[in-house]
Structure formats: C-alpha cells, structure tokens
Amino acid sequence: GDGPALLYFHSFHDREGWPPLLERLARRFTVYAPFHPGVQGSDGVEGIDDIVDLALAYDELLGALGLDAAHLMGHFFGGMVAAEVAAICPGRARRLCLISPLGLWLDGKPVADVVILPPGDLDALLWADRESVAARAWRTLPQSDAENVAAQIEQIQRLAAMGKFVWPIPDKGLRKRLHRVTAPALILWGDGDRVNPPAYADEFAARIRQATVSMLPGGHMLHLECADAVAAAAQTFFQ
C-alpha cells in the first residue's frame, strides 16, 4: 500500500499465519514485515541475542527506510518486540497495536498453567471454537509441520523435566520498561483465549500510559481466527 508506514512484528515460529492479515493491512498502509535477525538462535538463526539490541536494530532499520516514526504492530512474541521498540525508542512509534502479546509475569509466576498435550490435542487448548475454519486447518497441517510441533513439545517436556520451562515466555525485563511507552496503544485479545486469560490483557495494558484493551470473539490465534476483525480494529486505531 501507499498509506502510512506500518512495521509488523511476527512471532518467531509463525511463518504461515500472518500473511493473510498483512494482505488486509496492506490495503491501507505501507507494511514492512521483516524476519527477525534472531534472538538466542531462535529458529536456528545465529543473530542478535539481546532483546534491547534487537529493538535498537529495528531503530536502525526505520532510519534506513527513511522513517522518523511508524505504526508498530505484532502478535505473540512479535508483540513483545513491538512493545520493546516503543519503550526503548519511543520516538519511533506513532501508535502501538499488540495482538495477544506474551511474556509478562504476575506475582513472579507464569500467567498460564503449562499443559503438555500430544499434537493432535493442542487445538483444544488453542482454539475457542474447535470447529472454526482456522481450527480445522490446524488439525490438517502437513506432516512436516506436525513433526515440527511434535519436536517443540518434546523440547518443552525436556525443559519442564529439568525445571527450566516457563510459559509465557519470560519478559526479559519488558514489564519494567513498558512505562516508557508514550505512544497510544491498543491491546487486542480473544475473549475465548484459554492459553492466556483475558485478565492478562488488562495486566499488560495497565503498564502502558495510554493503553486500551479490545476483546475480540476468538481464542489465542486472533491473527488466524479473525483476521478481518483484527485488521478492522487496527485500521480504526491507526487512523
């Protein structure tokens, strides 16, 4: 698109879910959605291993694009990165829209309980409507993706056995920096999210000066379940 600049931060492990949403956003905005340069070797990529340095890398990217500021948007871990950029480089963020961002803690404990399930049962945890188009698509993923999911679960089980696994992702100090975000922020959350309860959205928003929460009819995968509603909410907010 040829509208205002929008920098979209996807989740490290999500290469398939966000393009349909970006197509909708691109009708109104000039969308940039770069692959992360890697944090602690995520996705097997050797790259930046500090979240602050990652935010500064995006600061440099915006400068290289000739943008003084852009709308920032992201889901899951990408939402955390968007929030970090807005906190560490506040002048770069015009407005901030986060979709189910992960990574904050309540009273020193992960917000959501860890439930280890075989790949075929994961949809019961992830989807508010197990018969939705997105949920059915999840259950019919190609074998290569199923193997990837199984590998992730095996890693979680191994780390859990060692007492080293927490969910959501540790915030790496993000909650102590969110008060630095000066841009207006919109937190989008699924009212049927069974991974992170709706109260978690309020906890996240309470740490940002100008933040509001909007509940959408969906589960944990809003960018897949209701891309139209997410795009419409973002477009209204970014006007």
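Predicted model: local features only at pLDDT ≥ 70, side-chain atom pairs only at ≥ 80, totals over all residues.
Strands β1 (residues 5-9) and β3 (residues 70-75) run parallel and are joined by four bridges. Residues are numbered from 1 along each chain as its sequence is written, and side-chain values use heavy atoms, with hydrogens and water left out.

β1 and β3 belong to an open sheet of six strands, ordered β2-β1-β3-β4-β7-β8 with parallel pairing. Strands are DSSP runs (E, at least two residues), as are helices (H or I, at least four), numbered from the N terminus. Pairing requires at least two DSSP bridges between two strands. β2 and β8 (211-216) are the edges; each has a single partner strand, so one side of each lacks a neighbour in the sheet.

Now the aromatic rings. The structure holds three aromatic pairs (Phe, Tyr or Trp rings, the six-membered one for Trp, with centres within 6.5 Å; planes under 30 degrees apart are stacked, over 60 edge-to-face, the rest tilted). F29 and F238 pair edge-to-face, at 5.7 Å centre to centre and 85° between the planes. F29 lies in the loop between α1 (19-25) and β2 (30-32), and F238 in helix α9 (residues 227-238), so the pair ties together parts 209 residues apart in sequence. F29, F237 and F238 form one aromatic cluster.
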